[in-house]
Amino acid sequence: MKADVLLGLQWGDEGKGKIVDVLTSQYDIIARFQGGPNAGHTLEFDGIKHVLHTIPSGIFHPGVVNLIGNGVVIDPVIFEREINDIKALGIPMSELLISKKAHLILPTHKLLDAASEKAKGKEKIGSTLKGIGPTYMDKTGRNGLRVGDISAVDFKERYEKLKQKHIQLLNFYDFEYELEELETAWFASLATLKNFEHIESEHYIHNALKENKKILAEGAQGALLDIDFGSYPFVTSSNTITAGACTGLGIAPNKIGDVFGIFKAYCTRVGSGPFPSELFDEVGAILAKIGNEFGATTGRPRRCGWIDIPALKYAININGVTQLMMMKADVLSGIDTIKVCTHYELNGEQIDYLPFEDNEGLTPVYKELEGWEMDLMQLENLADAPKAVHDYIAWLEEVLETPIKIVSVGPDRKQTLFR
Ligand code: GDP
Ligand code: IMO
Ligand code: MG
(Lines give C-alpha, C1' and ligand atoms only; values in the text may rest on other atoms or scores of the structure.)
(Ligands and ions follow the chains in the order given, each with its own letter.)
Protein backbone atom coordinates (compact mmCIF):
# COMPACT_ATOMS: atom_id res chain seq x y z
CA MET A 1 0.00 0.00 0.00
CA LYS A 2 1.09 3.58 -0.62
CA ALA A 3 0.38 6.67 1.46
CA ASP A 4 -1.68 9.51 -0.01
CA VAL A 5 -0.75 13.13 0.68
CA LEU A 6 -3.06 16.13 1.02
CA LEU A 7 -1.59 19.61 0.90
CA GLY A 8 -2.23 23.25 0.06
CA LEU A 9 -1.20 24.68 -3.31
CA GLN A 10 -1.41 28.38 -2.49
CA TRP A 11 -0.37 30.43 0.57
CA GLY A 12 -2.20 28.29 3.13
CA ASP A 13 -5.78 28.27 4.45
CA GLU A 14 -7.07 26.53 1.33
CA GLY A 15 -9.42 24.34 3.39
CA LYS A 16 -7.11 21.38 4.09
CA GLY A 17 -8.67 20.64 7.49
CA LYS A 18 -12.17 20.39 6.02
CA ILE A 19 -11.15 17.95 3.27
CA VAL A 20 -9.01 15.77 5.56
CA ASP A 21 -12.07 15.44 7.80
CA VAL A 22 -14.26 14.58 4.78
CA LEU A 23 -11.81 11.93 3.52
CA THR A 24 -10.89 10.40 6.89
CA SER A 25 -13.53 7.66 6.71
CA GLN A 26 -11.54 6.19 3.77
CA TYR A 27 -8.32 5.90 5.84
CA ASP A 28 -6.86 4.04 8.84
CA ILE A 29 -4.25 6.65 9.79
CA ILE A 30 -4.16 10.45 9.44
CA ALA A 31 -0.65 11.82 9.92
CA ARG A 32 0.46 15.48 10.11
CA PHE A 33 3.93 15.84 8.62
CA GLN A 34 5.20 19.40 9.17
CA GLY A 35 4.51 22.83 10.58
CA GLY A 36 3.16 23.47 14.02
CA PRO A 37 0.62 25.72 15.70
CA ASN A 38 1.15 28.35 13.00
CA ALA A 39 -1.49 26.22 11.23
CA GLY A 40 -5.20 26.62 11.83
CA HIS A 41 -7.30 23.88 10.24
CA THR A 42 -11.05 24.46 10.48
CA LEU A 43 -13.62 21.65 10.60
CA GLU A 44 -17.38 22.12 10.57
CA PHE A 45 -19.96 19.39 11.17
CA ASP A 46 -23.22 18.91 13.10
CA GLY A 47 -23.30 22.62 13.93
CA ILE A 48 -19.81 22.47 15.48
CA LYS A 49 -17.02 24.70 14.21
CA HIS A 50 -13.60 23.63 15.44
CA VAL A 51 -10.05 24.81 14.70
CA LEU A 52 -7.07 22.44 15.05
CA HIS A 53 -3.46 23.63 15.20
CA THR A 54 -1.19 20.66 15.91
CA ILE A 55 -3.62 17.76 16.04
CA PRO A 56 -4.44 16.01 12.73
CA SER A 57 -7.86 16.67 11.21
CA GLY A 58 -8.99 13.04 11.50
CA ILE A 59 -9.39 13.37 15.27
CA PHE A 60 -13.21 13.31 15.22
CA HIS A 61 -13.43 9.87 13.62
CA PRO A 62 -13.33 7.10 16.23
CA GLY A 63 -11.43 4.06 15.01
CA VAL A 64 -8.92 6.09 13.01
CA VAL A 65 -5.38 6.61 14.34
CA ASN A 66 -4.08 10.18 14.26
CA LEU A 67 -0.34 10.72 14.28
CA ILE A 68 1.77 13.83 14.85
CA GLY A 69 4.90 13.10 12.82
CA ASN A 70 8.57 13.88 13.41
CA GLY A 71 8.43 16.82 11.00
CA VAL A 72 5.97 18.71 13.22
CA VAL A 73 7.00 21.19 15.92
CA ILE A 74 4.88 21.11 19.08
CA ASP A 75 4.13 23.81 21.64
CA PRO A 76 2.97 21.80 24.70
CA VAL A 77 0.88 24.73 25.95
CA ILE A 78 -1.06 25.02 22.70
CA PHE A 79 -1.29 21.23 22.47
CA GLU A 80 -2.84 21.07 25.95
CA ARG A 81 -5.35 23.78 25.01
CA GLU A 82 -6.27 21.85 21.87
CA ILE A 83 -6.86 18.67 23.85
CA ASN A 84 -9.00 20.54 26.40
CA ASP A 85 -11.00 22.22 23.62
CA ILE A 86 -11.73 18.83 22.04
CA LYS A 87 -12.74 17.34 25.40
CA ALA A 88 -15.06 20.29 26.02
CA LEU A 89 -17.01 19.41 22.86
CA GLY A 90 -18.11 16.21 24.59
CA ILE A 91 -17.77 14.10 21.47
CA PRO A 92 -15.47 11.09 21.11
CA MET A 93 -11.87 11.73 20.11
CA SER A 94 -9.94 9.10 18.18
CA GLU A 95 -6.54 7.71 19.11
CA LEU A 96 -3.58 10.11 18.98
CA LEU A 97 0.09 9.08 18.72
CA ILE A 98 3.07 11.43 18.77
CA SER A 99 6.52 10.96 17.25
CA LYS A 100 9.38 10.99 19.77
CA LYS A 101 11.34 12.86 17.12
CA ALA A 102 8.97 15.83 16.85
CA HIS A 103 10.70 18.98 18.13
CA LEU A 104 9.45 21.08 21.03
CA ILE A 105 8.70 24.79 20.82
CA LEU A 106 10.13 26.41 23.97
CA PRO A 107 8.79 29.64 25.47
CA THR A 108 12.04 31.33 24.41
CA HIS A 109 11.47 30.23 20.80
CA LYS A 110 8.30 32.30 20.81
CA LEU A 111 10.13 35.28 22.30
CA LEU A 112 12.85 34.94 19.67
CA ASP A 113 10.21 34.90 16.93
CA ALA A 114 8.81 38.18 18.26
CA ALA A 115 12.29 39.70 18.66
CA SER A 116 13.29 38.74 15.12
CA GLU A 117 10.12 40.18 13.63
CA LYS A 118 10.52 43.40 15.60
CA ALA A 119 14.09 43.77 14.40
CA LYS A 120 13.00 43.33 10.78
CA GLY A 121 10.60 46.27 11.11
CA LYS A 122 8.86 46.95 7.79
CA GLU A 123 10.50 43.88 6.27
CA LYS A 124 8.87 41.54 8.77
CA ILE A 125 7.65 38.15 7.54
CA GLY A 126 4.27 38.52 9.20
CA SER A 127 4.96 35.38 11.25
CA THR A 128 2.19 33.93 13.37
CA LEU A 129 4.67 34.41 16.28
CA LYS A 130 4.26 30.79 17.41
CA GLY A 131 8.03 30.22 17.55
CA ILE A 132 8.12 28.18 14.33
CA GLY A 133 11.25 29.73 12.72
CA PRO A 134 13.45 29.62 15.85
CA THR A 135 12.39 26.02 16.60
CA TYR A 136 13.26 24.76 13.12
CA MET A 137 16.53 26.74 13.37
CA ASP A 138 17.43 24.80 16.51
CA LYS A 139 16.40 21.56 14.78
CA THR A 140 18.72 22.11 11.80
CA GLY A 141 21.33 23.68 14.10
CA ARG A 142 21.25 20.42 16.09
CA ASN A 143 20.35 22.07 19.36
CA GLY A 144 16.66 21.20 19.61
CA LEU A 145 14.72 19.30 22.25
CA ARG A 146 12.38 16.56 21.11
CA VAL A 147 9.26 14.92 22.49
CA GLY A 148 11.29 11.80 23.32
CA ASP A 149 13.63 13.89 25.48
CA ILE A 150 10.91 14.87 27.96
CA SER A 151 11.39 11.70 30.01
CA ALA A 152 15.23 11.90 30.00
CA VAL A 153 16.77 12.45 33.46
CA ASP A 154 18.75 15.46 32.24
CA PHE A 155 15.81 17.07 30.43
CA LYS A 156 15.73 20.10 32.73
CA GLU A 157 19.47 20.66 32.31
CA ARG A 158 19.23 20.48 28.54
CA TYR A 159 16.28 22.85 28.61
CA GLU A 160 18.29 25.33 30.73
CA LYS A 161 21.27 25.13 28.39
CA LEU A 162 19.16 25.91 25.34
CA LYS A 163 17.31 28.64 27.23
CA GLN A 164 20.58 30.36 28.14
CA LYS A 165 21.57 30.37 24.48
CA HIS A 166 18.23 31.95 23.64
CA ILE A 167 18.61 34.56 26.37
CA GLN A 168 21.91 35.65 24.86
CA LEU A 169 20.19 36.08 21.53
CA LEU A 170 17.30 37.99 23.10
CA ASN A 171 19.86 40.30 24.70
CA PHE A 172 21.51 40.76 21.33
CA TYR A 173 18.11 41.83 19.97
CA ASP A 174 17.73 44.11 23.01
CA PHE A 175 14.29 42.56 23.43
CA GLU A 176 12.36 42.99 26.66
CA TYR A 177 10.50 39.95 27.93
CA GLU A 178 8.81 38.22 30.85
CA LEU A 179 9.68 34.55 30.94
CA GLU A 180 8.67 33.21 34.32
CA GLU A 181 4.94 32.79 33.74
CA LEU A 182 5.48 31.37 30.27
CA GLU A 183 7.92 28.81 31.66
CA THR A 184 5.63 27.74 34.49
CA ALA A 185 2.78 27.17 32.05
CA TRP A 186 5.09 25.32 29.67
CA PHE A 187 6.38 22.85 32.25
CA ALA A 188 2.88 22.27 33.62
CA SER A 189 1.55 21.50 30.13
CA LEU A 190 4.13 18.76 29.56
CA ALA A 191 1.89 16.51 31.69
CA THR A 192 -0.77 16.50 28.96
CA LEU A 193 1.80 15.70 26.27
CA LYS A 194 3.03 12.80 28.43
CA ASN A 195 -0.50 11.34 28.53
CA PHE A 196 -0.21 10.30 24.90
CA GLU A 197 1.89 7.49 23.53
CA HIS A 198 5.24 8.65 22.13
CA ILE A 199 6.51 6.38 19.39
CA GLU A 200 9.15 6.12 16.71
CA SER A 201 6.54 6.82 14.11
CA GLU A 202 8.61 5.97 11.03
CA HIS A 203 8.56 2.29 12.09
CA TYR A 204 4.85 2.53 12.80
CA ILE A 205 4.21 4.00 9.34
CA HIS A 206 6.46 1.44 7.67
CA ASN A 207 4.65 -1.48 9.31
CA ALA A 208 1.24 0.04 8.62
CA LEU A 209 2.03 0.28 4.92
CA LYS A 210 3.24 -3.33 4.94
CA GLU A 211 -0.05 -4.35 6.52
CA ASN A 212 -1.93 -2.53 3.74
CA LYS A 213 -3.28 0.13 6.09
CA LYS A 214 -4.48 3.28 4.37
CA ILE A 215 -2.56 6.42 5.35
CA LEU A 216 -3.35 10.05 4.56
CA ALA A 217 -0.52 12.52 5.22
CA GLU A 218 -1.88 15.98 6.13
CA GLY A 219 0.14 19.03 5.21
CA ALA A 220 0.06 22.46 6.78
CA GLN A 221 0.59 25.88 5.16
CA GLY A 222 0.88 25.76 1.36
CA ALA A 223 3.37 25.21 -1.47
CA LEU A 224 4.01 28.94 -1.87
CA LEU A 225 5.08 29.14 1.79
CA ASP A 226 7.61 26.29 1.37
CA ILE A 227 11.05 27.11 2.80
CA ASP A 228 12.79 26.17 -0.49
CA PHE A 229 10.23 26.90 -3.20
CA GLY A 230 7.98 29.55 -1.65
CA SER A 231 8.31 33.32 -1.95
CA TYR A 232 11.46 33.41 0.23
CA PRO A 233 12.03 35.00 2.72
CA PHE A 234 8.27 35.44 3.13
CA VAL A 235 7.73 31.76 3.84
CA THR A 236 7.44 29.39 6.76
CA SER A 237 10.39 27.32 7.98
CA SER A 238 9.48 23.81 6.82
CA ASN A 239 9.03 21.93 3.56
CA THR A 240 5.30 22.11 3.00
CA ILE A 241 5.43 20.04 -0.21
CA THR A 242 5.06 16.30 -0.89
CA ALA A 243 8.76 15.77 -0.15
CA GLY A 244 7.98 17.09 3.35
CA ALA A 245 5.68 14.09 3.87
CA CYS A 246 8.67 11.80 3.16
CA THR A 247 10.98 13.55 5.63
CA GLY A 248 8.26 14.48 8.10
CA LEU A 249 6.93 10.94 8.51
CA GLY A 250 9.64 8.67 7.14
CA ILE A 251 7.70 7.59 4.06
CA ALA A 252 9.96 6.52 1.19
CA PRO A 253 9.34 8.50 -2.02
CA ASN A 254 8.28 5.34 -3.88
CA LYS A 255 5.61 4.76 -1.22
CA ILE A 256 3.74 7.98 -2.05
CA GLY A 257 0.39 7.29 -3.74
CA ASP A 258 -2.07 10.01 -4.70
CA VAL A 259 -1.25 13.65 -4.01
CA PHE A 260 -4.35 15.75 -3.39
CA GLY A 261 -3.75 19.43 -4.11
CA ILE A 262 -6.18 21.83 -2.44
CA PHE A 263 -6.79 25.31 -3.81
CA LYS A 264 -9.35 28.07 -3.39
CA ALA A 265 -11.42 29.12 -6.41
CA TYR A 266 -9.67 32.47 -5.85
CA CYS A 267 -6.56 33.15 -3.77
CA THR A 268 -5.62 34.49 -0.34
CA ARG A 269 -2.50 35.23 1.65
CA VAL A 270 -1.97 36.26 5.26
CA GLY A 271 1.27 37.94 6.30
CA SER A 272 3.79 39.80 4.14
CA GLY A 273 5.28 38.94 0.75
CA PRO A 274 4.50 38.97 -2.96
CA PHE A 275 0.98 38.22 -4.18
CA PRO A 276 0.81 39.28 -7.84
CA SER A 277 -2.94 38.75 -8.29
CA GLU A 278 -3.90 40.57 -5.08
CA LEU A 279 -6.97 42.80 -5.33
CA PHE A 280 -7.15 46.18 -3.64
CA ASP A 281 -10.60 47.05 -4.99
CA GLU A 282 -14.21 46.36 -4.10
CA VAL A 283 -14.08 42.80 -5.49
CA GLY A 284 -11.22 41.99 -3.11
CA ALA A 285 -13.27 43.34 -0.24
CA ILE A 286 -16.27 41.23 -1.34
CA LEU A 287 -14.16 38.05 -1.46
CA ALA A 288 -12.82 38.82 2.03
CA LYS A 289 -16.32 39.45 3.39
CA ILE A 290 -18.20 36.58 1.73
CA GLY A 291 -15.28 34.21 2.21
CA ASN A 292 -14.91 35.30 5.84
CA GLU A 293 -11.20 35.62 5.19
CA PHE A 294 -9.72 36.02 8.64
CA GLY A 295 -6.82 33.85 9.84
CA ALA A 296 -7.90 30.78 11.84
CA THR A 297 -4.82 31.11 14.09
CA THR A 298 -4.23 34.85 14.44
CA GLY A 299 -7.55 36.38 13.35
CA ARG A 300 -5.65 38.67 10.96
CA PRO A 301 -7.50 39.69 7.76
CA ARG A 302 -6.37 37.65 4.77
CA ARG A 303 -5.34 39.46 1.59
CA CYS A 304 -7.57 38.36 -1.32
CA GLY A 305 -7.10 38.13 -5.08
CA TRP A 306 -7.82 36.15 -8.23
CA ILE A 307 -6.58 32.65 -8.90
CA ASP A 308 -2.97 32.61 -10.12
CA ILE A 309 -2.41 29.94 -12.80
CA PRO A 310 1.43 30.15 -13.08
CA ALA A 311 1.72 29.83 -9.29
CA LEU A 312 -0.75 26.90 -9.24
CA LYS A 313 1.06 25.10 -12.08
CA TYR A 314 4.34 25.53 -10.22
CA ALA A 315 2.80 24.05 -7.06
CA ILE A 316 1.28 21.14 -9.00
CA ASN A 317 4.65 20.31 -10.61
CA ILE A 318 6.68 20.49 -7.41
CA ASN A 319 4.18 18.36 -5.51
CA GLY A 320 3.35 15.83 -8.23
CA VAL A 321 -0.34 16.50 -7.69
CA THR A 322 -2.57 13.72 -9.08
CA GLN A 323 -5.97 15.17 -8.09
CA LEU A 324 -7.18 18.70 -7.44
CA MET A 325 -9.80 19.89 -4.99
CA MET A 326 -11.33 23.32 -5.50
CA MET A 327 -12.55 25.06 -2.36
CA LYS A 328 -14.90 27.95 -1.65
CA ALA A 329 -16.54 27.96 -5.10
CA ASP A 330 -19.62 29.39 -3.32
CA VAL A 331 -17.73 32.59 -2.52
CA LEU A 332 -17.59 33.54 -6.22
CA SER A 333 -21.41 33.47 -6.57
CA GLY A 334 -22.78 36.85 -7.65
CA ILE A 335 -19.52 38.09 -9.16
CA ASP A 336 -20.34 38.95 -12.82
CA THR A 337 -16.90 38.42 -14.28
CA ILE A 338 -14.31 36.08 -12.80
CA LYS A 339 -10.71 36.86 -13.64
CA VAL A 340 -7.88 34.36 -13.79
CA CYS A 341 -4.22 35.35 -13.91
CA THR A 342 -2.81 33.40 -16.89
CA HIS A 343 0.70 34.90 -16.81
CA TYR A 344 2.63 38.00 -15.77
CA GLU A 345 4.21 40.93 -17.57
CA LEU A 346 7.67 42.05 -16.50
CA ASN A 347 9.67 44.77 -18.27
CA GLY A 348 7.42 44.50 -21.33
CA GLU A 349 7.85 40.72 -21.57
CA GLN A 350 5.32 38.01 -20.81
CA ILE A 351 6.48 35.39 -18.32
CA ASP A 352 4.70 32.42 -16.77
CA TYR A 353 6.71 31.97 -13.58
CA LEU A 354 7.41 33.96 -10.42
CA PRO A 355 10.89 35.42 -10.93
CA PHE A 356 13.65 34.95 -8.32
CA GLU A 357 14.31 38.67 -8.18
CA ASP A 358 12.15 41.26 -6.53
CA ASN A 359 8.64 41.11 -7.95
CA GLU A 360 8.34 44.90 -8.12
CA GLY A 361 6.82 45.81 -11.46
CA LEU A 362 5.40 42.34 -12.06
CA THR A 363 1.93 42.82 -13.54
CA PRO A 364 -0.62 40.02 -13.71
CA VAL A 365 -2.32 39.43 -17.06
CA TYR A 366 -5.91 38.27 -16.76
CA LYS A 367 -8.39 36.29 -18.80
CA GLU A 368 -12.05 36.94 -18.06
CA LEU A 369 -14.56 34.16 -17.51
CA GLU A 370 -18.29 34.41 -17.02
CA GLY A 371 -19.49 34.34 -13.42
CA TRP A 372 -22.72 32.90 -12.00
CA GLU A 373 -25.55 34.18 -9.80
CA MET A 374 -26.72 30.97 -8.12
CA ASP A 375 -25.88 30.43 -4.44
CA LEU A 376 -23.94 27.15 -4.57
CA MET A 377 -24.11 26.50 -0.83
CA GLN A 378 -27.37 24.53 -1.10
CA LEU A 379 -26.21 22.37 -4.03
CA GLU A 380 -26.29 18.64 -3.43
CA ASN A 381 -25.18 17.63 -6.87
CA LEU A 382 -22.66 19.37 -9.05
CA ALA A 383 -24.71 18.45 -12.12
CA ASP A 384 -27.28 21.04 -10.95
CA ALA A 385 -24.71 23.86 -10.97
CA PRO A 386 -24.97 26.63 -13.60
CA LYS A 387 -23.09 26.22 -16.88
CA ALA A 388 -20.60 28.95 -15.88
CA VAL A 389 -19.47 26.80 -12.91
CA HIS A 390 -18.86 23.82 -15.21
CA ASP A 391 -17.02 26.07 -17.68
CA TYR A 392 -14.77 27.41 -14.89
CA ILE A 393 -13.93 23.89 -13.73
CA ALA A 394 -13.34 22.63 -17.29
CA TRP A 395 -11.09 25.59 -18.11
CA LEU A 396 -9.02 25.08 -14.94
CA GLU A 397 -8.67 21.34 -15.58
CA GLU A 398 -7.45 22.04 -19.09
CA VAL A 399 -4.80 24.61 -18.18
CA LEU A 400 -3.70 22.77 -15.02
CA GLU A 401 -3.67 19.39 -16.80
CA THR A 402 -4.98 17.71 -13.65
CA PRO A 403 -8.51 16.52 -12.79
CA ILE A 404 -10.60 18.38 -10.21
CA LYS A 405 -12.21 15.65 -8.09
CA ILE A 406 -13.89 17.68 -5.36
CA VAL A 407 -15.66 21.03 -5.45
CA SER A 408 -16.38 22.53 -2.04
CA VAL A 409 -19.38 24.86 -1.70
CA GLY A 410 -19.41 25.68 2.00
CA PRO A 411 -17.52 25.12 5.24
CA ASP A 412 -19.62 22.17 6.42
CA ARG A 413 -18.52 18.57 5.93
CA LYS A 414 -21.71 18.02 3.91
CA GLN A 415 -21.07 20.91 1.52
CA THR A 416 -18.65 18.81 -0.50
CA LEU A 417 -19.42 17.76 -4.07
CA PHE A 418 -17.57 14.83 -5.61
CA ARG A 419 -17.02 14.53 -9.36
P1 GDP B 1 -6.74 25.21 6.22
O2 GDP B 1 -5.71 25.91 7.02
O3 GDP B 1 -6.27 24.89 4.84
O4 GDP B 1 -7.31 24.01 6.90
O5 GDP B 1 -7.94 26.25 6.02
P6 GDP B 1 -8.54 27.22 7.17
O7 GDP B 1 -9.39 26.43 8.09
O8 GDP B 1 -7.49 28.07 7.76
O9 GDP B 1 -9.39 28.21 6.27
C10 GDP B 1 -10.42 27.78 5.45
C11 GDP B 1 -11.69 28.52 5.89
O12 GDP B 1 -12.68 28.39 4.89
C13 GDP B 1 -12.31 27.95 7.15
O14 GDP B 1 -12.98 28.97 7.84
C15 GDP B 1 -13.31 26.93 6.60
O16 GDP B 1 -14.37 26.68 7.49
C17 GDP B 1 -13.78 27.65 5.39
N18 GDP B 1 -14.17 26.79 4.25
C19 GDP B 1 -13.63 25.62 3.84
N20 GDP B 1 -14.21 25.22 2.69
C21 GDP B 1 -15.13 26.16 2.38
C22 GDP B 1 -16.03 26.33 1.26
O23 GDP B 1 -16.10 25.54 0.33
N24 GDP B 1 -16.82 27.45 1.29
C25 GDP B 1 -16.77 28.37 2.29
N26 GDP B 1 -17.56 29.42 2.21
N27 GDP B 1 -15.92 28.24 3.33
C28 GDP B 1 -15.11 27.16 3.35
P1 IMO C 1 -2.48 26.64 7.52
O2 IMO C 1 -1.94 25.24 7.78
C3 IMO C 1 -1.66 30.69 6.18
C4 IMO C 1 2.28 32.35 7.12
C5 IMO C 1 2.33 33.51 8.10
C6 IMO C 1 3.56 34.23 7.60
C7 IMO C 1 4.48 33.09 7.18
C8 IMO C 1 5.48 32.66 8.25
O9 IMO C 1 -3.59 27.03 8.39
O10 IMO C 1 -2.75 26.80 6.06
P11 IMO C 1 5.37 31.40 10.58
O12 IMO C 1 4.44 31.54 11.73
O13 IMO C 1 5.37 30.06 9.95
O14 IMO C 1 6.75 31.88 10.90
O15 IMO C 1 4.80 32.43 9.47
O16 IMO C 1 3.63 31.99 6.88
N17 IMO C 1 1.59 31.14 7.62
C18 IMO C 1 0.38 30.76 7.22
N19 IMO C 1 -0.50 31.35 6.38
N20 IMO C 1 -1.94 29.49 6.70
C21 IMO C 1 -1.06 28.86 7.51
O22 IMO C 1 -1.24 27.59 7.94
C23 IMO C 1 0.15 29.52 7.84
N24 IMO C 1 1.21 29.22 8.62
C25 IMO C 1 2.08 30.21 8.47
O26 IMO C 1 1.17 34.30 8.03
O27 IMO C 1 3.26 34.97 6.46
MG1 MG D 1 -5.49 27.68 8.16
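Student: Is F196 buried or exposed?

Tutor: This is a predicted model, and in it F196 has a relative accessible area of 17%. A residue counts as buried under 20%, so F196 is buried.

Student: Where in the chain do F79 and F196 lie?

Tutor: F79 belongs to helix α2, residues 76-89, whereas F196 is in the loop between α6 (180-194) and β9 (197-199). The two are 117 residues apart, and their pair links distant parts of the chain. F79 has 0% relative accessibility and therefore counts as buried.

Student: Which residues do ring pairs link into a cluster?

Tutor: The cluster consists of F155, Y159, W186 and F187.

Student: Which charged ends sit over the rings of Y27 and F45?

Tutor: For this feature, one looks for the end of a Lys or Arg side chain placed over a ring. The charged end of K214 sits over the ring of Y27, 4.8 Å from the ring centre. Over the ring of F45 sits the charged end of R413, at 4.1 Å from the centre.

Student: How many residues has the largest nonpolar core, and which have the most contacts inside it?

Tutor: A nonpolar core is read as a set of buried residues joined through their side-chain atoms. The largest has 63 residues, and L9, F263, M326, L332, Y392 and L396 have the most contacts inside it. Helix α11, residues 387-400, supplies the largest share of this core, with seven residues. Another core, of 28 residues, lies apart from it and has L43, F60, F79 and L104 among its members.

Student: Which residues does L332 touch?

Tutor: Leaving aside residues up to four places away in sequence, L332 touches A265, Y266, L287, W306, I338, W372 and Y392.

Student: How many residues surround ligand 1, and which are the closest?

Tutor: Ligand 1 is surrounded by 20 residues, of which G15, K16, T42, D330 and S408 are the closest. Polar contacts are then read from pairs of N or O atoms. A polar backbone atom of G17 is 2.9 Å from an oxygen atom of ligand 1. A backbone N or O atom of G40 lies 2.8 Å from an oxygen atom of the ligand. From the side chain of R302, an N or O atom is 3.2 Å from an oxygen atom of ligand 1.

Key. Residues numbered from 1 in each chain as written. Chains lettered and ligands numbered in written order. Predicted model: local features only at pLDDT ≥ 70, side-chain atom pairs only at ≥ 80, totals over all residues. Heavy atoms only, no water. Helix = DSSP H or I, 4+ residues; strand = E, 2+ residues; numbered from the N terminus. Buried < 20%, exposed > 50% of the residue type's maximum accessible area, 1.4 Å probe, protein only. Phe/Tyr/Trp six-rings, centres within 6.5 Å; stacked < 30°, edge-to-face > 60°. Lys NZ or Arg CZ within 6 Å of the ring centre and 35° of its normal. Core = buried A, V, L, I, M, F, W, Y, C linked by side-chain atoms within 4.5 Å. Contact = heavy atoms within 4.5 Å. Near = heavy atom within 4 Å. Polar contact = N/O pair within 3.5 Å; in protein donor to acceptor, adjacent residues only side chain to side chain.
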